[in-house]
Amino acid sequence: QVQLTESGGGLVQAGDSLRLSCAIATDTERMSVVAWFRRRPGTERELVASVWWSQGTPYYAESVQGRAFIGRDKDNMLVSLLLNDLKPEDTAVYYCGARVVGGTSYAFWGRGTQVTVSS
């Protein structure tokens, strides 16, 4: 099993930066990919950014390209997402998701953290 715990959300103003963290707890699984998703009001969950655990290779959705930076700390089992120049349309619940080695989908999820960007 894998437990994911998000932190770092809050209420910010447009143009601000915010760092989200995902703490990963597992005794048995090895990470393959860890990602940040978000669900904006009235929309479905969407991928924001992901990082390959082994190589650290990032991927960013077009909506955050150039404003987001994802990183992983393998020793401390943390994945962070830095969002710069936040916009009101970034308002969402942000979720951490993990795909383990041998898995084919994001099978593990955190409970989410709310990010609200005021204009």
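**Sheet.** I looked up the strand order first. Four strands make an open, antiparallel sheet, ordered S1-S3-S8-S7. I took strands as DSSP runs of E, at least two residues, numbered from the N terminus. I counted two strands as paired if DSSP finds at least two bridges between them. S1 (2–7) and S7 (68–73) are the edge strands; each has a single partner, so one side of each lacks a neighbour in the sheet. On average, neighbouring strands here are turned by 15° against each other, direction ignored. The axes behind that angle are lines fitted to C-alpha atoms.

**Basis.** This is a predicted model: local features need pLDDT of at least 70, side-chain atom pairs count only at pLDDT 80 or more, and totals for chains, interfaces and linings use all residues. Residues are numbered from 1 along each chain as its sequence is written, and side-chain values use heavy atoms, with hydrogens and water left out.

**S7 and S8.** Next I checked one pairing. S7 meets S8 (residues 78–83) in the antiparallel sense, over six bridges. Arg72 stands opposite Val79 in S8.

**Disulfide.** I searched the whole structure for disulfides (cysteine sulfur atoms within 2.5 Å). The search gave one. Cys22 is joined to Cys96, S to S 2.1 Å. Cys22 lies in S3 (residues 18–26) and Cys96 in S9 (residues 92–100), so I noted a link between distant parts of the chain, 74 residues apart. The S-S torsion is about -80°, so this disulfide is left-handed.

**Burial.** I then looked up accessibility, with buried meaning under 20% relative accessible area (1.4 Å probe, protein chains only). Cys22 is buried at 0%. Cys96 is buried, also with 0%.

Methods
Axes fitted to C-alpha atoms, helices over the stretch in contact; angles between N-to-C directions. Buried < 20%, exposed > 50% of the residue type's maximum accessible area, 1.4 Å probe, protein only.
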